[in-house]
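Dear colleague,

Please find the structure below, together with its sequence. My notes on it follow.

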Amino acid sequence: MRLPLELWGLQELVEDAQLCVSELVANVIQHVGPGTPTTLVLAAEGVGLRIEVHDPDLRALPTLTSAGPDSEAGRGMALIGALADRWGVDLTPERKATWCELGTGVGPSDQRAASRVEAALEQEAVIGVVVDLLHRLRLHGWDPDEVLDQAQIRFESDTGGC
């Protein structure tokens, strides 16, 4: 959580975002089961940071509960509700996405800052794809450096050296 948020200039959200992720993932482990395939998705959308945790169980839906003072569980969604501007669950036939949104402090009038966040998000996504491809190349016995060199040559040829 720390690295992408710092890259996006959202350092002030790191602690709250980490706590939200921790609680969302703990809910999957507690209510769906350890080892459940889970995906974390981060997105800066307008004036909010959206955090999603996807899992395949459509039956175990998060709910707000009243935990007693001595209870060891039952406060996760209340904690997320206190930290986040809003939270919810999106269902598809294959999975559910439990999400929350934290305000970024980027107002509608600060489009330049929002554009920087969007550009950083896009760059991070592209880097992630390249890293995944490099891992795949290595897995299949290819030399990632050699492939990157060939790709750079082709890129420069396609763009006229620009």
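Valine 41 is in contact with Arg50, Ile51, Glu52 and His54, leaving aside its neighbours within four places in sequence; contact here means heavy atoms within 4.5 Å. Valine 41 belongs to strand S1 (residues 39-45), where helices (H or I, at least four residues) and strands (E, at least two) are DSSP runs numbered from the N terminus. With 30% relative accessibility, valine 41 counts as partly exposed. On this scale, buried means under 20% relative accessible area, exposed means over 50%, and partly exposed lies in between (1.4 Å probe, protein chains only). Valine 41 and alanine 97 are separated by 56 residues in sequence and by 9.3 Å in space, C-alpha to C-alpha.

As to the basis of these values, this is a predicted model, in which local features need pLDDT of at least 70 and side-chain atom pairs count only at pLDDT 80 or more, while totals for chains, interfaces and linings use all residues. Residues are numbered from 1 along each chain as its sequence is written, and side-chain values use heavy atoms, with hydrogens and water left out.

The largest nonpolar core has 21 residues, of which Leu5, Leu49, Ile51 and Leu102 touch the most other members. Such a core is a set of buried Ala, Val, Leu, Ile, Met, Phe, Trp, Tyr and Cys residues joined through side-chain atoms within 4.5 Å. At least two residues of this core come from each of helix H2 (14-31), S2, H3, strand S4 (96-103) and helix H4 (111-139). H2 gives the most, with 6 residues. Leucine 49 touches, among others, Trp8, Ala17, Cys100 and Leu102, not counting residues up to four places away in sequence.

How many disulfides does the structure hold? There are 0, a disulfide being a pair of cysteine sulfur atoms within 2.5 Å. The sulfur of cysteine 20 has its closest cysteine sulfur in cysteine 100, and because the two are 3.9 Å apart, they are too far for a bond. Cysteine 20 is buried, at a relative accessible area of 0%, and cysteine 100 is also buried, at 0%.

Leucine 61 lies in the loop between strand S2 (48-55) and helix H3 (76-83) and is partly exposed, at 43%.

With kind regards
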